[in-house]
Amino acid sequence: MKTWKLVSGILSTVLFLVVMFQSCAAGVVDAIQGQGGTSGGAGMLTGILMLAGGIVSIATRKAVGKGGDIALIVLYGLAALIGFVGYGIYADLVIWSIWCLVCATLAFVSIRKKKG
């Protein structure tokens with residue numbers, strides 16, 4: 001699971017840039033349309049939580065306890081929830097939400113594999 005945490009942390013950190021760029025574009029489109037869309041803001045929140053999850057994942061990859069995995073479940077789980085609920089015109093947000101859901105699920109698997 002150490003390798004998974006390192007890889008998911010690096011990917012989440014890199015994907016943060018993509019998500020934020022797309023979220024800014026979606027926010028501009030939301031503002032131009034003037035219909036009260038919130039998919040840009042939801043994307044930014046998802047991106048920030050992805051970045052936080054990536055940093056925690058890299059920082060806790062060699063940790064013995066379960067605290068890092070619990071933090072990953074919370075961060076990635078919130079990111080997935082926000083992404084699924086607020087995607088609106090920003091359809092790519094569903095893809096990033098699925099990524100966050102996979103990371104949260106693997107963090108749960110990591111907890112179950114640890115002894116104690």
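**A conversation about the chain**

Modeller: As a starting point in this predicted model, D69 is buried, and K5 is buried as well.

Biologist: What joins the side chains of D69 and K5, and at what distance, N to O?

Modeller: The structure holds 1 salt bridge, and D69 and K5 are the residues whose side chains meet in a salt bridge. The pair links distant parts of the chain, since D69 lies in helix 3 and K5 in helix 1, 64 residues apart. From N to O, the distance is 2.7 Å.

Biologist: What pattern does the chain follow when it is read along the sequence?

Modeller: The secondary structure comes to 4 helices and 0 strands. Read from one end of the sequence to the other, the chain therefore gives the pattern α-α-α-α.

Biologist: How does the radius of gyration of the chain stand against that of a compact globule?

Modeller: The C-alpha trace spans about 55 × 20 × 15 Å along its principal axes, and 37% of the 116 residues count as buried. For a chain of 116 residues, a compact globule would have a radius of gyration near 13 Å, and the value for this chain, which agrees, is 15 Å.

Biologist: Among contacts between residues at least 6 apart in sequence, what share joins residues at least 24 apart?

Modeller: One such link has already come up, as D69 in helix 3 and K5 in helix 1 are 64 residues apart. Counted over the chain, among contacts between residues at least 6 apart, the share that joins residues at least 24 apart is 74%.

Biologist: How far apart are the end C-alpha atoms of helix 2, and what covers its buried residues?

Modeller: Helix 2 runs over residues 39–59, and because its 21 residues at 1.5 Å a residue should span 30 Å, the distance of 30 Å between its end C-alpha atoms agrees. Its buried residues include S39, G43, L49 and M50. What covers the buried residues of helix 2 includes helix 1 (2–33), helix 3 (67–85) and helix 4.

Biologist: Is Y90 buried or exposed, and what is its relative accessible area?

Modeller: Y90 is found in the loop between helix 3 and helix 4, where it touches V19, Q22, S23, A26, S39, G43 and W96, leaving aside residues up to four places away in sequence. Buried means under 20% relative accessible area, so Y90 counts as buried at 5%.

Biologist: How far apart in space are F108 and L72, C-alpha to C-alpha?

Modeller: F108 lies in helix 4 and is partly exposed, with a relative accessible area of 47%. Although F108 and L72 are 36 residues apart in sequence, their distance in space is 8.7 Å. For Y90 and I70, which are 20 residues apart in sequence, the C-alpha to C-alpha distance is 29 Å.

Biologist: Which helix gives the largest share of the nonpolar patch?

Modeller: On the surface, M1, F84, I98, L101, V102, L106 and V109 form a nonpolar patch with about 520 Å² of accessible area together. L101 is partly exposed at a relative accessible area of 42%, and a patch takes residues with over 30%, so L101 passes that cut-off. L101 lies in helix 4, and the largest share of the patch, 5 residues, comes from helix 4 (residues 93–113).

How values were computed. Residues numbered from 1 in each chain as written. Predicted model: local features only at pLDDT ≥ 70, side-chain atom pairs only at ≥ 80, totals over all residues. Heavy atoms only, no water. Patch = residues over 30% accessible without salt bridge, like charges linked within 9 Å, V, L, I, M, F, W, Y side chains within 5 Å. Areas by Shrake-Rupley, 256 points an atom, 1.4 Å probe, with all protein chains shown as cover. Salt bridge = Lys/Arg side-chain N within 4 Å of Asp/Glu carboxyl O. Helix = DSSP H or I, 4+ residues; strand = E, 2+ residues; numbered from the N terminus. Buried < 20%, exposed > 50% of the residue type's maximum accessible area, 1.4 Å probe, protein only. Rg over C-alpha atoms; globule rule 2.2 N^0.38 Å. Contact = heavy atoms within 4.5 Å. Expected span 1.5 Å × (residues − 1).
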